[in-house]
Amino acid sequence: QVQLVESGGGLVQAGGSLSLSCVASGNIFRSDTMGWYRQAPGKQREFVASCRGSISEYADSVKDRFTISRDHARDTAYLQMNSLKPEDTAVYYCYFNRGVNIWGQGTQVTVSS
């Protein structure tokens, strides 16, 4: 059973940067998908970014500001978030998918205006 441990996040002013990490334990393959969703107060969880093999995908709202990467040797995914906006404030959830989503514990990202 794959388990995920997230780290990073915190409080930053608008225009600033933060990075998130997500370490997966278990048998992880390059063909597995890892990524992030986020959930703001009172809103549904929404897709942020994903990485599978060499293919990365982004939500339109974060494209050109966020970058997802993976270190396959460390079974770790990273989300570099630049030019943060107050509307990026949310709990960010790392996920792993090999048919079924497995979720991390979530980490708070707060962007002040």
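These entries record what I looked up in a predicted model.

**Entry 1. Basis**

I worked on a predicted model in which local features need pLDDT of at least 70 and side-chain atom pairs count only at pLDDT 80 or more, while totals for chains, interfaces and linings use all residues. Residues are numbered from 1 along each chain as its sequence is written, and side-chain values use heavy atoms, with hydrogens and water left out.

**Entry 2. Sheet**

I looked up the strand order, taking strands (E, at least two residues) and helices (H or I, at least four) as DSSP runs numbered from the N terminus. An open sheet of four strands runs in the order β1-β3-β8-β7, with antiparallel pairing. Its edge strands are β1 (3–8) and β7, each of which pairs on one side only. From one strand to the next the twist averages 15 degrees. For such angles, axes are lines fitted to C-alpha atoms (for helices over the stretch in contact), and the angles run from 0 to 180 degrees between N-to-C directions. Two strands count as paired if DSSP finds at least two bridges between them. I noted that β3 and β8 pair in the antiparallel sense over six bridges. Opposite Y78 in β8 stands S21.

**Entry 3. Disulfide**

I searched for cysteine sulfur atoms within 2.5 Å of each other, the limit for a disulfide. The structure holds one disulfide, and it joins C22 to C94 with an S to S distance of 1.9 Å. The torsion about this S-S bond is about -80 degrees, so the disulfide is left-handed. C22 lies in strand β3 and C94 in strand β9, 72 residues apart, and the pair links distant parts of the chain. Both C22 and C94 are buried; here buried means under 20% relative accessible area, exposed over 50% and partly exposed in between, with a 1.4 Å probe and protein chains only.

C51 is buried, with a relative accessible area of 5%.

**Entry 4. Nonpolar core**

I then examined the nonpolar core, defined as a set of buried Ala, Val, Leu, Ile, Met, Phe, Trp, Tyr and Cys residues joined through side-chain atoms within 4.5 Å. The largest one has 29 residues, and those with the most contacts inside it are W36, L79, M81 and Y92. Strands β3, β4, β5 (46–52), β7, β8, β9 and β11 (107–112) each supply at least two residues of this core. In soluble globular proteins, nonpolar side chains tend to be buried together.

**Entry 5. Salt bridges**

I counted as a salt bridge any side-chain nitrogen of Lys or Arg within 4 Å of a carboxyl oxygen of Asp or Glu. The structure holds six salt bridges.

One of them joins the side chains of D32 and R98, at 2.7 Å from N to O. D32 lies in the loop between β3 (18–25) and β4 (33–39) and R98 in the loop between β9 (90–97) and β10 (101–103), so the pair ties together parts that are 66 residues apart in sequence. D32 is buried at a relative accessible area of 2%, whereas R98 is partly exposed at 44%.

D88 forms a salt bridge with R38, the closest N and O atoms being 2.9 Å apart. Since D88 lies in the loop between β8 (76–81) and β9 and R38 in strand β4, this pair ties together parts that are 50 residues apart in sequence. D88 and R38 are buried.

D88 also meets R65 in a salt bridge, with the closest N and O atoms 2.7 Å apart. R65 lies in the loop between β6 (55–58) and β7 (66–71) and D88 in the loop between β8 and β9, so this pair ties together parts that are 23 residues apart in sequence. R65 is buried, with a relative accessible area of 10%, and D88 counts as buried at 1% relative accessibility. Salt bridges that share partners join R38, E46, R65 and D88 into one network.

**Entry 6. Aromatic pairs**

I paired rings of Phe, Tyr and Trp (its six-membered ring) if their centres lie within 6.5 Å, with planes under 30 degrees apart counted as stacked, over 60 as edge-to-face and the rest as tilted.

The rings of Y37 and F47 have centres 5.6 Å apart and planes at 80 degrees, so the pair is edge-to-face. Y37 lies in strand β4 and F47 in strand β5, so the pair ties together parts that are ten residues apart in sequence. At 21% relative accessibility, Y37 counts as partly exposed.

The rings of Y37 and Y95 have centres 5.2 Å apart and planes at 75 degrees, so this pair is also edge-to-face. Y95 is buried, with a relative accessible area of 6%. Y37, F47, Y95 and W103 form one aromatic cluster.
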